[in-house]
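Hi everyone, thanks for coming. Let me put the sequence and the structure on the screen, and then we can walk through a few contacts together.

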Amino acid sequence: MRPITEIIVHCTATRADWWASKPTSAKVAEIRRWHVQDRGWRDIGYHYLIDRDGTVATGRPLAQVGAHTQGHNTGTIGISLFGGHGSSENDAFEEHFTPEQDAALRKLIAGLKSEFGITKVSGHNQYAAKACPGFNVPRWLERKTAARSTVAQSKTVQAGAAGLLATVTTGATALGSLDRTAQIIVATAVVIAGAAFLWVIRDRVKKWAAGVK
Ligand SMILES: [Zn+2]
């Protein structure tokens with residue numbers, strides 16, 4: 001096996017629904033046809049392709065140098081995600097690709113890292129003035145902590161909800177021991193305090209719901 005130290009991620013730049021009714025093998029055959037017939041290469045340029053449903057297909061054999069990143073084909077593995085049409089280099093992964101592709105790409109990278117001495121995972125756009133693969137690969141890789149931070153966010157929101165409940169309970173308790181006018185004043189204060197509390201935590205709730213750090 002040739003020495004491999006890096007994975008470079010690409011996209012096929014096809015529309016999200018391109019050949020949606022066809023199996024992954026047919027899509028790979030079509031990309032191979034573009035590369036072999038249209039570009040005159042000896043085989044498909046990528047080593048792996050990941051379909052919209054997370055199916056991982058093999059392209060050019062790993063033992064052979066690929067044709068995916070000019071000047072960076074030696075020592076690298078090229079992985080391409082189906083989709084990415086109309087993307088820009090700093091778009092978010094999920095704007096153009098599916099959660100299944102996210103999981104499959106992470107798993108494939110982890111597997112290849114355990115097999116080869118891979119020290120770097122990058123995107124085509126780091127080596128060429130191209131959008132490909134349509135997101136920032138290092139930033140996407142750093143997002144491994146996203147799941148953990150979602151849990152932390154949800155705890156913050158829970159704490160916020162508990163605070164709101166405490167405010168309401170305190171208000172209700174105070175209400176019972178007061179006369180009519182005082183009751184109205186306290187009830188109004190509680191509603192205002194509650195609304196203010198929701199206002200304060202609303203950004204947290206929104207971010208938590210979107211799963212963003
Ligand atoms: Zn590319």
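**Metal site and salt bridges**

His124 and Cys132 are both buried, where buried means under 20% relative accessible area, exposed over 50%, and partly exposed in between (1.4 Å probe, protein chains only). Before I go on: this is a predicted model, with local features needing pLDDT of at least 70, side-chain atom pairs counting only at pLDDT 80 or more, and totals for chains, interfaces and linings using all residues. Residues are numbered from 1 along each chain as its sequence is written, and side-chain values use heavy atoms, leaving out hydrogens and water.

Those two residues, together with His10, provide the protein donors of the zinc ion: ND1 of His10, ND1 of His124 and SG of Cys132, at 2.0 to 2.3 Å. Donors here are N, O and S atoms within 2.8 Å of the metal (3.2 Å for Na, K and Ca); water is not among the atoms, so sites may look incomplete. The spacing in sequence is H-x113-H-x7-C.

Now, how many salt bridges are there? The count is six, taking a side-chain nitrogen of Lys or Arg within 4 Å of a carboxyl oxygen of Asp or Glu.

One of them joins Arg32 and Asp43, with the closest N and O atoms 2.7 Å apart. Arg32 is partly exposed at 29%, while Asp43 is buried at 13%.

Then there is a network linking Glu94, Asp102, Arg106 and Arg143. Within this group, Arg106 meets Asp102 at 2.7 Å, N to O, and Glu94 pairs with Arg143 at 3.2 Å. Arg143 is partly exposed, at 31% relative accessibility.
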